[in-house]
Amino acid sequence: MTTFKQKTHTYYLQLVQDRIDVFRDMISALTEDSKNDAKGSAGDKHETALSMMHIEQEKLNHKLSEVLAQKAILDKMNPLKVTETIALGSLVKANGIYLYLSVALPKVAIEGVNVIALSPQSPLGSKLMGNPIGFTFEINGAHYCIESIE
């Protein structure tokens with residue numbers, strides 16, 4: 001039987017893998033376009049177009065490397081590991097909100113439950129790290145209590 005934490009981890013891994021695939025496809029398409037464009041034309045417009053494609057390719061490569069770094073972090077995490085205190089990979093429930101301490105990724109709904117993935121370096125993530133169930137804290141004027149840790 002798969003736990004909610006395992007489903008969350010798998011969902012985020014797939015989300016990151018999908019992003020990697022999209023960036024690789026876009027980079028590949030740009031590379032192909034620049035090869036085809038190089039055969040056809042000459043002059044200033046051609047040089048500008050190639051330059052713009054190159055800049056776009058650099059941006060995509062940078063985004064791809066960021067997403068690959070996120071995937072590397074997720075790959076190192078063990079969704080079966082349960083700890084007494086919050087650590088990287090913990091699925092925390094605080095005030096009815098599920099927080100997955102991993103990498104900063106969009107909020108998702110898994111089995112109708114919203115989960116927010118956040119980095120341990122984020123303001124909220126750093127407040128949570130190392131604390132047990134029952135720990136209370138305040139952030140931006142809101143009071144939170146840790147209800148569970150998976």
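A residue is called buried when its relative accessible area is under 20%, exposed when it is over 50%, and partly exposed in between (1.4 Å probe, protein chains only). Keep that in mind as we walk through this predicted model, where local features need pLDDT of at least 70, side-chain atom pairs count only at pLDDT 80 or more, and totals for chains, interfaces and linings use all residues. Residues are numbered from 1 along each chain as its sequence is written, and side-chain values use heavy atoms, with hydrogens and water left out.

Let's start with the sheet. Six strands form an open sheet in the order 3-4-2-1-6-5, with mixed pairing. Strands here are DSSP runs (E, at least two residues), helices are too (H or I, at least four), and both are numbered from the N terminus; two strands pair if DSSP finds at least two bridges between them. At the edges sit strand 3 (105-110) and strand 5 (136-139), each pairing on one side only. Strand 3 runs antiparallel to strand 4 (residues 113-118), and four bridges join the two. In one of these, alanine 109 has asparagine 114 in strand 4 as its bridge partner.

What about charges? Side chains of opposite charge can pair when their charged atoms come close. The structure holds three salt bridges, each being a side-chain nitrogen of Lys or Arg within 4 Å of a carboxyl oxygen of Asp or Glu. One of them joins lysine 7 and glutamate 111 (2.4 Å, N to O). That pair links distant parts of the chain, 104 residues apart: lysine 7 is in helix 1, and glutamate 111 is in the loop between strand 3 and strand 4.

Another joins lysine 71 to aspartate 75, with the closest N and O atoms 3.0 Å apart. These two are separated by about one helical turn because they are four residues apart in helix 2. Lysine 71 has 18% relative accessibility, so it counts as buried, whereas aspartate 75 is partly exposed at 45%.
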